[in-house]
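Open the model in your viewer and keep the selection panel at hand. The tour below goes from one selection to the next.

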Amino acid sequence: MGISLHAVAEFAYLAVTMWLYGLVLGCGYSKQESLVAYGTALLIVNVVMAVSELLGVVGFLTWQYRVTRLAALIEVSQTSPRWAILSWFVPGMNLFKPYLMLRDLSRALGGAANRTGLVRAWWLTALLSLMLSAGYYAIHNIDEIADISPTARQVTHIIQTAVFLLAAALCIGVIWRIQRRLVQVKDELQLAP
């Protein structure tokens, strides 16, 4: 839920930054009233984004811990649940180890989850989103020193948001597929004599 809420908040942030001020100004409000509405909307969206990002990270890491623990209990995976979480926080290793763990879990579960293309697509899209986000904020900060066109900033922001939304949708698909297959494997083992 946190991941989808953060995706909606990211889209709302894009809408506020690109259209709200002009829309409010175009409705006949003064510049000062428009700026107050714009600033208030940005504050609200930023708070929602921060809370949703925290919920998304905690929710995803909790899910990954539980899935890895259950997979180890039913002997589908050898990965330690603690290591599955810690791998996200080790610099450098966090660029590939979480992907490898989820890919291996997906393969070990078999069935439709065995197709690791979704996991790979999610991981590559998430890395691309991370790079575009860093690029967007670099352009935003450089704009204070150099004259970067507003169009370049907006295009970068739109692309970054679109890639983030795609990564969020793929992540939800990975979670759904692995969770569903893990429950199926657990049920099969319980029914086995």
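A pocket is found on a 1 Å grid over the protein atoms alone, as an open set of points with protein on both sides within 12 Å along at least five of seven lines; lining residues have an atom within 4 Å of a point. Grid points are joined across faces, edges and corners, and a volume is the space filled by probe spheres set on the points. This is a predicted model, in which local features need pLDDT of at least 70 and side-chain atom pairs count only at pLDDT 80 or more, while totals for chains, interfaces and linings use all residues. Residues are numbered from 1 along each chain as its sequence is written, and side-chain values use heavy atoms, with hydrogens and water left out.

**Stop 1: the largest pocket**

The volume of the largest pocket is about 990 Å³. Select Glu53, Val57, Ala126, Leu130 and Phe164: of the 29 lining residues, these are the closest to the pocket's centre. Then colour helix 1 (2-26), helix 2, helix 5 (117-142) and helix 6, the elements that give two or more residues to this lining. Helices here are DSSP runs (H or I, at least four residues), numbered from the N terminus. Helix 2 has the largest share of the lining, nine residues. By class, the lining of the pocket has 19 nonpolar, eight polar and two charged residues. Ala, Val, Leu, Ile, Met, Phe, Trp, Tyr, Cys and Pro count as nonpolar, Asp, Glu, Lys and Arg as charged, and the others, Gly among them, as polar.

**Stop 2: helix 2 against helix 6**

Select residues 31-73 (helix 2) and 150-191 (helix 6), which pack at an angle of about 25° with axes 11 Å apart. Axes are lines fitted to C-alpha atoms, for helices over the stretch in contact, and angles run from 0 to 180 degrees between N-to-C directions. Helix 2 is therefore roughly parallel to helix 6, a term for angles under 35 degrees. Show the side chains of Phe60, Trp63, Val67, Leu70 and Ala71 in helix 2; they meet Cys171, Ile175, Ile178, Gln179, Leu182 and Lys186 in helix 6. Contact means heavy atoms within 4.5 Å. This contact has nine nonpolar, one polar and one charged residues.

**Stop 3: the largest cavity**

A cavity is a set of grid points where a 1.4 Å probe fits but cannot get out. Which residues line the largest cavity? Select Gln64, Thr68, Ser77, Thr79, Ala84, Met101, Leu102 and Leu105. The largest cavity holds about 50 Å³ of space. Helix 4 gives the most to its lining, with three residues.

Technical notes
Angles under 35 degrees count as roughly parallel, over 145 as roughly antiparallel, 65 to 115 as roughly perpendicular and the rest as oblique.
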